[in-house]
Amino acid sequence: MDGSSPKEEEELMEMWYNSIDRETNEPDNLARQQLEERIWNKVQAVRNRQTASDMPGIPERRSWWGNFRMKLVSAASVLLVLGSLYYASDYLKTGAFPLGVLTSDELSALTRVENNLDESEVISLSDGSRITLGPGSVFYYPKIFESGKRAVYLIGNGFFDIAKDPGRPFLVYTEDIVTKVVGTSFTINKDRAGNVVVAVMTGKVIVEKAQGSKASFEVSNRGVVLTPNKKVTLTNDAEKYVTGLVEKPVLLSGVDEFSKPDAFTFEETPLETVVSKLEKAYGVEIEILNNSITNCPITADLPYESLFAKLEIINALLNTKSEVKGTKIFLTGGECAPFKSIHENL
């Protein structure tokens, strides 16, 4: 008000002032109400302390804006609110960002990255982990991790390639869940319905509620363990875990036999043997419901096809159907074909 503030502060104040009466589409949920109440309580506490120091004797009625010192307190209070809202704005966007596991000092000490690009952005962490942050997503992380754990915070979508460190589990907080890993790769995304989906590429992941979660690599009775090519969807009500398979299962890493050119070349191979090899290669369970076709011979060369493409070729050979239920694939129907080659069938 006395013209001493820098231009950028004046612009910030003007932006805040102009937004006071602006309507918002964000829901006025309980979490937001509690956050706003906490911020304004801090402002009121500063004002009360200042008023008490200015009136040691009989209270004197004065204009609040007429006191220059109170002007400074007001300006400082507004900046306090703006600073708090800067770090809390991401929480207000989601309505469930896990501020319950962070103090305001802890949050302000983290590095904040917001991807405003139309493409993904790669972030390298101090432990060697790499995060691919999706467009429009926000990521909080410390410059140096603590000795006992590695904790980061995500709003939006990201792919995580985590460096192995058994002594320090890696914790990713998003919405009101936490994903625990030691060393693995996985994705965290939101689907079109707004549900959070965690999908594992390599290693093992534990997904559970953030509230009450411990830093150790263990699962509570309200969590779920994921292995490669598995995913879990946390519904909007945050009360239900729905497990399943990823859309495009990948070959398990570290198994050399599946990288050979003839790894999936079958010549008069019983269906049961073919299925067993696919289970081992992709880490998924495939159940043949029709026992009469377990020994049907399969002749096919499937070096580059995806898992589901391989199954479709088997379906074409034996007239079977494959269906995913949860984390399992079921083969139903079918009969042994009079022909032996996929090329003849085509």
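Modeller: Let's start with one idea: two strands count as paired if DSSP finds at least two bridges between them. Keep in mind that the structure above is a predicted model.

Biologist: Thanks! Which residue in the turn of the S2 and S3 hairpin has a positive phi?
Modeller: S2 and S3 pair in the antiparallel sense over four bridges, which is well above the two bridges that pairing needs. The hairpin they form has five residues between the strands. With a positive phi of about 95°, the residue in that turn is Gly128.

Biologist: Which strands stand at the edges of the open sheet, each with a single partner strand?
Modeller: The sheet has seven strands in the order S2-S3-S6-S9-S10-S13-S14, with antiparallel pairing. A strand at the edge has a single partner, so one side of it is left without a neighbour in the sheet. Those edge strands are S2 and S14.

Biologist: What is the average twist from one strand to the next in that open sheet?
Modeller: Picture stepping along the order S2-S3-S6-S9-S10-S13-S14. From one strand to the next, the twist averages 20°.

Biologist: Which residue in S14 does Thr233 stand opposite?
Modeller: Strand S13 (residues 230-234) and S14 pair in the antiparallel sense over five bridges. Thr233 stands opposite a residue of S14, and that residue is Val242.

Biologist: How many residues apart in sequence are the parts tied together by Arg150 and Asp127?
Modeller: Arg150 forms a salt bridge with Asp127, and their closest N and O atoms are 2.5 Å apart. Arg150 lies in strand S5 and Asp127 in the loop between S2 and S3, so the separation along the chain is 23 residues.

Biologist: What kind of aromatic pair do Phe145 and Phe170 make?
Modeller: A search of the whole structure finds six aromatic pairs. The ring centres of Phe145 and Phe170 are 5.9 Å apart and their planes are at 65°. Planes over 60 degrees apart count as edge-to-face, so this pair is edge-to-face.

Biologist: How many residues apart in sequence are the parts that the Phe145 and Phe170 pair ties together?
Modeller: Phe145 is in the loop between strand S4 and S5, while Phe170 is in strand S7. Both are buried, Phe145 at 7% relative accessibility and Phe170 at 0%. The separation of the parts in sequence is 25 residues.

Biologist: Which residue has its charged end over the ring of Phe264?
Modeller: Phe264 is buried at 3% relative accessible area, and its ring is stacked with that of Phe258, 6.1 Å centre to centre. A charged end also sits over the Phe264 ring, 5.9 Å from its centre. That charge belongs to Lys277.

Conventions: Residues are numbered from 1 along each chain as its sequence is written. This is a predicted model: local features need pLDDT of at least 70, side-chain atom pairs count only at pLDDT 80 or more; totals for chains, interfaces and linings use all residues. Side-chain values use heavy atoms; hydrogens and water are left out. A salt bridge is a side-chain nitrogen of Lys or Arg within 4 Å of a carboxyl oxygen of Asp or Glu. Helices (H or I, at least four residues) and strands (E, at least two) are DSSP runs, numbered from the N terminus. Axes are lines fitted to C-alpha atoms, for helices over the stretch in contact, and angles run from 0 to 180 degrees between N-to-C directions. Rings of Phe, Tyr and Trp (its six-membered ring) pair if their centres lie within 6.5 Å; planes under 30 degrees apart count as stacked, over 60 as edge-to-face and the rest as tilted. Buried means under 20% relative accessible area, exposed over 50%, partly exposed in between (1.4 Å probe, protein chains only). A charge sits over a ring if NZ of Lys or CZ of Arg is within 6 Å of the ring centre and within 35 degrees of the ring normal.
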